[in-house]
Amino acid sequence: MNKGLAALVVLVACQLLPGSDPVAANTPQAAAPAAGSPGAGSPAAGSPAAAQPVMRRLTEAQYRATVADIFDPGIPVVGRFERALRSDGLIAVGTSESGLSPFSVEQYDASARGIAAAVLSEAWRDQLLPCQPAVANRFDEDCATRIVEHFGRLLFRRPLSDSETGRFLDAARNTQQRLGDFYSGLEFALVGMMISPDFLLRIERVEPDPAKPGHYRLDAWSRATRLSYFITGSTPDDELLRAAGAGELDTEQGLAHQVERLMASPRFANAVRVFFDDMLQFELFDDLAKDPVIYPSYNSAVAEDAREQTLLTITDHLLTRNGDYRDLFTTRSAPLTRSLGVVYRMPVATRNGWAMSEFSERSGRAGIQSQVGFLALHSHPGRSSPTLRGKAIREVFLCQHVPDPPVDVDFTGINDDSNAARPTARDRLEAHRTQPACKACHTLMDPLGLTLERFDGVGGFRTRENGAIIDVSGSLDGREFEAAPGLGQALHDHPETPRCLVSKLYRSAVGRKTVAAEKPFIEQLNQIFADNGYRLPGLMQTIAVSEAFYAASPPSTDEGEETVAAAREAQGDPS
Amino acid sequence: MNKYHRRTVLRGLLGGAAVGVALPVLDLFLNDSGKAFAATGRRIPVRFGSWIWGCGHIPEKWIPEGTGTDFTLPPDLEPLAPYRDQLAIFSGFDVRLDGVPNKPHVTGCLGLRTGIPVPNDRVEAPTLDVLIGDEIGKGTRFSSIEVSTSGIQRSYSYRAAGSPNPSETSPLALYKRIFGAGFQDPNAAGFTPDSRTMVHKSVLSAVTEDRKQLMRSVGAEDRRRLDEYFTSIRQLENQLALQLEPPAPVENFTIPDPPPDLVLDSEMEHVMETHKLMAGLLARALQCNQTRVVNVLFSDTTSNLRRRGSTTTHHTLTHEEPVNPELGYQEQVGWFATQSMLAWRDFLDALAEIPEGDGTLLDNCLILAHSDCSIAKAHAVEGIPTMVAGGAGGRIRTGFHMAGKADPISRIGLTVQQAMGLQVESWGTRSMETRRNIPELLA
């Protein structure tokens, strides 16, 4: 596209890039399994291929949950995590694109050493190890093997191969020789496992589908892993790995049983939290700063509690009450702490922790888009921003992408908020809506954000700006309304709202964009979501037990034959 | 102490166990273009740094009058007068877009660092600091160190699009990473290799044993990511190998004090202080060979710098502040531009403060300073202000101002790489592709 044309598009159309279901351009290679490999027939002629398996880096939340589940929540994670890569609107999708820089490996190594040292320490080892050596100063091969196999299977989410077991056993033996102690040997074997690509990366593998000749599917371990991180936000537990090994995930009944079991565990709520933390871009809180002169009520406790408040509202509504997803935009539920009470100007009975409360009609608030977690996050350090808020609503809740501003922006004299002639943001943004170069895009954002103008840059309530009454009328795609509750109702009723959730949830679960072959399935999910009254647990269950969720094509490589051959080899199929 | 002697010592200490520890690659044996320390006879390595500030400049306050060596420092560069002879100032060099949509504050910065303008965050990695690090940074504890001083987790150093080298945002975290666990005082008396470190290192080699098989089992793009992982593992092994060696003594080096706890945000006063502390720590890290490449993000390209009590940030001001009719430019924006150059001087001060050989650490560095645009109000990527400072161990010449006359800015990147010893004849793509280096800069 040439420069002139690009400018024209922005100027005239400012098209929202269609959002709720961005389909990846499925690569042509992906469509056909590697040529020339016997038996690698393509799927039914003309139908698009299933997506390729992905290799996903554990997120910080997944890493922490995994360590807590495999060992103990008391085991410390000392390494640091860098800002996660966000792709296609989600960190979960970024995990299949993110690389591992020297910094990240250095930090993973620090974590691995800290974890291993704790696990093998006197304080923990009796509780965490599957056996004790006969004598600590002699190498007990049987016990060492049991320990390596036990943790290896949990950390790699599959049984270790003989050569892997041998290698980590060697590490333990050699270390004991040098350091003279059984536990130190196992400590370093554990460090080795925890710095391995098989632990840090969820490497999905395919196998020929025995039920459908010529087709492939994720192998049982990859399926267990995909399922587990989706439903629990953490690693497959012992029982899920057992079921995978026993072939139980291959049967509808066996899979359904595991899904039901995992959804009943307390970790299910964790998975939902982590998903929404990602969807709402809450990692941005790490960089969020407010001017202390303008917003003295804001501090790091407020930031932390604001993030938690929205997540609590969500899990309470969607899980505890099994509520309608769309009602998140109209709910008056308000979990509060003392620090938040200062910003909301509401009394909080408890001195420590959370108190459930309700926003009154007069508060002007309804819906998570009127909570500090949204309002402060999408504002400037010293003032609110109808534009940032409007953009976030489009992108976060409606899966629509608003194009960047034109290069040649000039708001001179418009946004100076001390300008007496333009006391409110609405006045100052007027030019955005009147200048053709700005208008096209700003009419997508400002009419949404302006309805939240009764909340300042940290989300505190106000009715005036620079002395002038704030007008909070606005519109969303042709529907007119007033203030935050009006916006919430409009979002509640917008057809893209639930579709966007379905799309983000699914992309988060598979860690990539959806492919053409999945379109009918996504449509089916949209229908099911609507039919069940927009209940999230039901939607997640539907995805988790579906065949489509585990479909896969072999990865396309320039050495495709080898890959397919490798898959076959791993399957024990010599053909 | 020579290398053979050290090996003997090691063997002795480990009681004859099969050690097989590779000796660290000391610059003594590698680098034949540096100068020698007076006392130790070791050669001084060259180092590379980049220093980014956001939102460009006020041309009338930044572009020198006159070109060549005969130029007058303009007001914003006046504080750099002490470094006049160690600075090359480049005005009027362009990132050429060739029709690529200009993503504000991103396209210019990444275009300058890769020679390839991109319409989004999908950087055509690696950035030139990584290319240079691969050439000069081998054998040091860290392949590079990145910092961001305005409280924002952002970095413009990329080996691949999916993996920026993340920036440290806290001086204390930076201090701990460099001078905490794993740091060896180069001038400490006595050395005992840690047997746990040795074990740790051998465990890492075990991790890489399945490399080939693993690479075969994934798609082409994932193979590239795995390759990056293995590269990072090698860097870690290298760190451990260095810990098993007695460090080479460093003249005039003392371990810096831990930095105080600071407010880390984008308020200008805080940022200046954070930056100064980090600059000092980076200078010490360079001095004692912990790394040879540093990347500093003074302010993000969409600069969030602000003054206490102000409702607007530097970046927002560039679009909203009216031009002061008397001055002819945006006054508040100008203030941030001026402050940015004061910070730049602070950075050079930190390097120049450290004596090294016959001169200072700065003499053995090449620091490339640049912004993301020229006029932030228009997001113009034509004439992005750029400077090269230092002596690069005698490999470059400085003390001049050059007007680029709309030449592709990749000429600067190309020349800098050549000065750092890379065998590169041409750099950039399309109309950014250039074979023309800047002879004035090369010694």
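Axes here are lines fitted to C-alpha atoms, for helices over the stretch in contact, and the angles between N-to-C directions run from 0 to 180 degrees. The model is a predicted one, and the points below are grouped by topic.

**A helix pair in chain A**

- Helix α14 (residues 267-279) of chain A and helix α15 (residues 300-320) of chain A have axes that come within 10 Å of each other and cross at roughly 130°.
- Because of that angle, α14(A) is oblique to α15(A), and the crossing of α14(A) and α15(A) is right-handed.
- On the α14(A) side the meeting residues are A:A269, A:V272, A:R273, A:F276 and A:D277, while α15(A) brings A:L311, A:I314, A:T315, A:L318 and A:L319.
- Sorted by class, this contact of α14(A) with α15(A) holds seven nonpolar residues, one polar residue and two charged residues.

**Where chain B touches chain A**

- The contact draws 59 residues from chain B and 63 residues from chain A.
- On the side of chain B that touches chain A, at least two residues each come from β4 (158-160), α7 (195-207), α8 (211-216), α9 (220-243) and α11 (314-320) of chain B.
- Of the elements on that side of chain B, α9(B) gives the most, with 10 residues.
- The residues on the side of chain B that touches chain A comprise 21 nonpolar, 24 polar and 14 charged.

**A mostly covered helix in chain B**

- Helix α5 (residues 128-136) of chain B is mostly covered, since seven of its nine residues are buried.
- The buried residues of α5(B) are B:L128, B:D129, B:V130, B:L131, B:I132, B:G133 and B:I136, and they pack against β1 (47-52), α4 (107-114), β4, β6 (293-297) and α13 (410-419) of chain B.

**The sheet of chain B**

- Seven strands of chain B form an open sheet with mixed pairing, in the order β3-β6-β1-β9-β10-β2-β11.
- Its edge strands, each pairing on one side only, are β3 (145-148) and β11 (400-403) of chain B, and the twist from one strand to the next averages 15°.
- Within this sheet, β1(B) and β6(B) pair in the parallel sense over five bridges, and B:G49 has B:V294 in β6(B) as its bridge partner.
- Helix α10 (residues 268-287) of chain B packs on the sheet, where it touches β1, β3 and β6 of chain B, and the direction of α10 makes about 175° with that of β3(B).

Technical notes. Residues are numbered from 1 along each chain as its sequence is written. Chains are lettered from A and ligands numbered from 1 in the order in which they are written. This is a predicted model: local features need pLDDT of at least 70, side-chain atom pairs count only at pLDDT 80 or more; totals for chains, interfaces and linings use all residues. Helices (H or I, at least four residues) and strands (E, at least two) are DSSP runs, numbered from the N terminus. Angles under 35 degrees count as roughly parallel, over 145 as roughly antiparallel, 65 to 115 as roughly perpendicular and the rest as oblique. A crossing is left-handed if the near helix is turned anticlockwise from the far one by less than a right angle, and right-handed if clockwise. Two residues are in contact if their C-beta atoms, placed from the backbone, lie within 7 Å. Ala, Val, Leu, Ile, Met, Phe, Trp, Tyr, Cys and Pro count as nonpolar, Asp, Glu, Lys and Arg as charged, and the others, Gly among them, as polar. A residue is buried if 20 or more other C-beta atoms lie within 10 Å of its own, exposed if 12 or fewer, and partly exposed in between; C-beta atoms are placed from the backbone. Two strands pair if DSSP finds at least two bridges between them.
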